[in-house]
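Q: Please take a close look at one helix at the chain contact in this model, and describe what surrounds it. I would like the criteria behind each term stated as you go.

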Amino acid sequence: MEDMAIVNLKNVTYRYPLTDSPALQNINLQVIEGEFVSVVGPNGAGKSTLCYTIAGFVPHFFKGEISGTVEVAGVESSKSSLHEWVLNVGLAFQNPFNQISGAKYTVFEELAFGLENIGVPREEMKIRVEEAMKLTGISDLADRSPYSLSGGQQQRVALTSILVMQPKVLVLDEPTSQMDPIGTREIFGVIRTMAEKGMTVILAEHKVEWIAEFADRVIALHDGKILLEGIPQEVLTSDFLLDKGFGISRYTSTAREAKKQGLWKKDKLPVTLDEAVEGFAK
Amino acid sequence: MKTGLFFVVYNQLMHERLSFYTKRDSVLHRINPLTKLTLVLGLILISFFSPWYWTPHLLLLFAIIPLSFFGRIQRNFFGAFIRLILPAAGFLFLMQAFFQPIGENTIFQLWFLDITEESLLFAFRNAMRVVVMISSFTLFLLTTHPSELMSDLTRRGLPGQFAYVILSTLQILPQMQAKAQTIIAAQRARGLDTESSFLRRAGSLFPLVGPLVFGSLVEVEERAIAIEARGFTSTHTKTSLHDIPDTNSDKAIRWMLVGLIIIALAWKIWLL
């Protein structure tokens with residue numbers, strides 16, 4: 001598995017400058033090409049730091065002390081430079097407002113910004129932007145000013161502006177925090193499609209129901225350490241996580257209570273609505 | 001209530017008018033930005049260099065005003081002319097007419113201040129030069145999209161970082177103003193005094209500045225990450241989404257303007 005892994009973290013420990021305790025401790029993580037891995041954990045668990053590490057911003061941008069190795073597509077992060085690294089690994093994060101470049105007047109130009117920077121020829125640029133907009137459902141926003149959009153729309157633009165660069169690995173840190181449930185579902189669908197096309201996805205997210213439905217694997221992070229990892233259904237229903245303050249789905253907590261009363265007959269607890277309905281119907 | 005309404009209207013205006021640029025379909029809009037910039041510089045330099053008294057007046061009447069019709073932005077141009085350019089030039093005219101101690105033929109006296117025929121003529125020309133300067137820049141800003149100008153200049157070797165700073169400032173300033181209003185509203189909701197005596201209001205600026213400045217610093221970090229993630233520091237040669245044409249006639253016009261500037265300068269030196 002380690003040989004096939006496109007993302008390969010070995011014994012990574014990292015401390016931000018001017019802090020005493022490490023934000024990440026002994027992280028070992030292998031992700032294979034086309035896999036959709038989700039990272040869960042309470043606030044301050046190190047989800048964003050892990051995202052920044054894979055995306056190369058730790059340590060290239062944030063400095064600080066790092067030990068262990070981070071490899072993407074066979075290249076070691078510490079031996080590469082950030083501007084080469086971002087060609088392989090794309091990053092979109094939570095606050096959409098700060099991800100707007102500010103130098104562009106329309107959404108279309110905003111999406112082309114990254115392609116201009118890496119020197120994509122004009123004709124190809126237009127095709128790629130149009131395709132990406134179609135994919136995330138923002139074609140009708142092409143001529144709007146990025147600043148006139150709602151939070152959810154801006155988040156779609158932020159995600160699209162990374163997708164259009166066609167990275168091998170897509171790192172997303174709560175990319176749907178400002179979207180309504182319908183929007184979230186659509187975006188998770190888009191991310192799933194990208195993974196099926198061979199893009200590797202690492203997603204930090206709180207919305208466990210969606211993770212259970214879409215992700216291949218879940219990593220549970222706590223105090224900078226990986227506590228559990230495995231298929232979503234098992235990790236997200238573990239009693240162990242609940243005690244540590246992880247968010248769990250309402251279907252899981254309902255079924256958990258029901259189990260105490262003897263109303264939930266199955267062994268496994270549900271994460272999604274469908275699983276809950278099926279379990280209670282028995 | 002009144003102030004609230006004012007801020008709403010103000011923010012609306014700021015959102016709509018991120019720059020002076022007014023979209024029209026005209027030759028002046030389509031001309032290469034550098035050519036227009038050369039034209040502006042030419043108009044200004046010639047009006048300042050030319051020793052002939054009526055040069056700036058004629059440039060205004062027979063070049064700048066016709067150009068505003070040519071660019072189909074005459075309404076916006078005259079709007080700016082009346083609200084901005086005339087008051088500025090009028091003030092300059094009065095100051096120079098009163099305080100320029102030249103000439104003997106006193107026309108008018110106010111206490112110890114004389115207005116002479118010479119100082120009047122002097123002030124008139126200087127005011128006209130300033131009118132030419134501001135109005136030709138107004139013409140430029142009205143017909144040139146900032147991002148078009150910057151991509152053209154970047155292609156000619158202006159550092160990308162420099163262009164980014166200019167462009168993002170144009171857009172982020174209105175955003176910061178809007179944010180300042182949000183913070184004021186939030187602080188007022190918690191009882192901050194923004195309507196009593198001057199000193200108290202000055203004091204109430206402090207709880208505004210903190211969130212605005214520190215918030216902006218955090219934003220700067222995130223924005224740096226975001227543009228870095230999109231290859232901003234890439235060593236590839238940048239390309240541009242928009243094709244900004246630079247025709248042979250553009251080049252010819254630019255050289256002609258450079259020639260005119262040199263002639264005006266030479267004339268001035270020769271006369272000295």
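A: The buried residues of helix 7 of chain B pack against helix 4 (107-117) of chain A, and also against helix 3 (33-49) and helix 8 (160-189) of chain B, where a contact between two residues requires C-beta atoms, placed from the backbone, within 7 Å. Helices here are DSSP runs of H or I with at least four residues and strands are runs of E with at least two, both numbered from the N terminus. The model is a predicted one, in which local features need pLDDT of at least 70 and side-chain atom pairs count only at pLDDT 80 or more, while totals for chains, interfaces and linings use all residues. Residues are numbered from 1 along each chain as its sequence is written, with chains lettered from A and ligands numbered from 1 in the order in which they are written.

Helix 7 of chain B spans residues 146-155, and its buried residues are B:Pro146, B:Ser147, B:Leu149, B:Met150, B:Ser151 and B:Asp152; buried means that 20 or more other C-beta atoms, placed from the backbone, lie within 10 Å of the residue's own. After helix 7 of chain B comes B:Gly157, with a positive phi near 110°.

Helix 6 of chain A in turn lies across strand 6 and strand 7 of chain A, running at about 175° to strand 6. Strand 6 of chain A is joined to strand 7 (residues 169-173) of chain A by four bridges, and the two run parallel; strands count as paired if DSSP finds at least two bridges between them.

Seen as a whole, the chain contact involves 34 residues of chain A and 29 residues of chain B. Helix 3 (82-88), strand 6, helix 4, helix 5 (122-136) and helix 6 of chain A each supply at least two residues of the side of chain A that touches chain B, and helix 4 of chain A gives the largest share, six residues.

Conventions: A residue is buried if 20 or more other C-beta atoms lie within 10 Å of its own, exposed if 12 or fewer, and partly exposed in between; C-beta atoms are placed from the backbone. Axes are lines fitted to C-alpha atoms, for helices over the stretch in contact, and angles run from 0 to 180 degrees between N-to-C directions.
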